[in-house]
Amino acid sequence: MSDALDAALRLVRAQAALVRRFDARLSGLHGVSLADFTMLLRLSRAPGGRMRRVDLAEALGLTASGVTRGLAPLERIGLVTREADARDARVAYASLTATGRRRLREMLATAEETATGLLAAPAWNTEDIAQLSSLLTRLGGTGLADR
């Protein structure tokens with residue numbers, strides 16, 4: 001097996017482990033998955049806390065139908081609402097509700113705590129985390145500041 005394939009497979013396994021850890025914490029404390037949290041977080045960073053569904057899909061690397069399926073349960077529990085465009089009925093926005101913003105703040109604290117626990121000293125120092133972030137960016141990974 002090549003070093004490149006070995007590294008890629010390690011990254012895939014690490015990603016799966018991270019998703020499981022975040023899912024367990026977010027689901028256990030807030031009743032949402034990491035995918036839900038990511039969708040809410042992306043909406044919170046959009047101007048006015050809302051995005052066109054097609055733009056949200058693009059930002060998350062999902063299909064439009066994937067975003068619609070992901071938003072449906074968040075709408076049912078009152079974290080997100082659907083807004084029609086006043087000028088174009090074909091356009092739909094996903095918008096955070098006041099409850100969604102409040103609950104997202106709680107989720108964000110849990111996610112921060114989880115990430116800090118995963119990348120804790122002494123195994124990880126500030127330089128290690130910065131280097132990991134840089135390497136993941138080279139692979140196409142985006143973070144909170146990236147749009």
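Trainee: Which residues point one way from β3, and which the other way?

Mentor: This is a predicted model. In a regular strand the side chains alternate between the two faces of the sheet. In β3, all of the residues on either side are buried. One way point A92, A94 and L96; the other way point Y93 and S95.

Trainee: How many residues of β3 are buried, and what follows for the strand?

Mentor: Buried here means under 20% relative accessible area. β3 is largely enclosed by the rest of the structure, because the buried count is five of the five residues.

Trainee: In what order do the strands of the open sheet run?

Mentor: Strands of a sheet pair through backbone hydrogen bonds, either parallel or antiparallel. Here the pairing is antiparallel, and three strands take part. The edge strands are β1 (50-52) and β2 (80-84), since each pairs on one side only. The twist from one strand to the next averages 25°. The order is β1-β3-β2.

Trainee: Over how many bridges does β2 pair with β3?

Mentor: Take the partners in β3. V80 has L96 as its bridge partner. A84 has A92. The sense is antiparallel, β3 covers residues 92-96, and the count is five bridges.

Trainee: Which residue of β3 does M51 stand opposite?

Mentor: Look at the pairing of β1 with β3. It is antiparallel and spans three bridges. The residue in β3 opposite M51 is A94.

Trainee: At what angle does helix α3 run to β1?

Mentor: Helix α3 is residues 53-60. It lies across β1, β2 and β3. Its angle to β1 is about 95°.

Trainee: Are α1 and α5 parallel or oblique to each other?

Mentor: Two packed helices are described by the angle between their axes and the distance between the axes. Helix α1 (residues 3-30) and helix α5 (residues 98-118) pack at about 140°, with axes 10 Å apart. Angles over 145 degrees would count as roughly antiparallel. The two helices are therefore oblique.

Trainee: Which residues of α1 make the contact with α5?

Mentor: Start with the other side. α5 brings R103, E106, M107, T110, A111, E113, T114, A115 and L118. The residues of the contact divide into eight nonpolar, three polar and five charged. From α1 come L18, R21, F22, R25, L26, L29 and H30.

Trainee: What is the hand of the crossing where α1 passes α5?

Mentor: The helices concerned are α1 (residues 3-30) and α5 (residues 98-118). The crossing is right-handed.

Trainee: Which residues does the cis peptide bond join?

Mentor: Most residues other than glycine have a negative phi, and most peptide bonds are trans. Here P122 sits in the loop between α5 and α6 (126-138). Omega is about 5°, and the cis bond joins A121 and P122.

Trainee: What pattern does the chain follow along the sequence?

Mentor: The chain has six helices and three strands. Read in order, they give α-α-β-α-α-β-β-α-α.

Trainee: What share of the contacts with a separation of 6 or more comes from residues 24 or more positions apart?

Mentor: First, the overall picture. The C-alpha atoms fill a box of roughly 55 × 30 × 25 Å along the principal axes. Of the 147 residues in the chain, 27% are buried. Residues 24 or more positions apart account for 52%.

Definitions and conventions: Residues are numbered from 1 along each chain as its sequence is written. This is a predicted model: local features need pLDDT of at least 70, side-chain atom pairs count only at pLDDT 80 or more; totals for chains, interfaces and linings use all residues. Side-chain values use heavy atoms; hydrogens and water are left out. Two strands pair if DSSP finds at least two bridges between them. Helices (H or I, at least four residues) and strands (E, at least two) are DSSP runs, numbered from the N terminus. Axes are lines fitted to C-alpha atoms, for helices over the stretch in contact, and angles run from 0 to 180 degrees between N-to-C directions. Contact means heavy atoms within 4.5 Å. Angles under 35 degrees count as roughly parallel, over 145 as roughly antiparallel, 65 to 115 as roughly perpendicular and the rest as oblique. A crossing is left-handed if the near helix is turned anticlockwise from the far one by less than a right angle, and right-handed if clockwise. Ala, Val, Leu, Ile, Met, Phe, Trp, Tyr, Cys and Pro count as nonpolar, Asp, Glu, Lys and Arg as charged, and the others, Gly among them, as polar. Buried means under 20% relative accessible area, exposed over 50%, partly exposed in between (1.4 Å probe, protein chains only).
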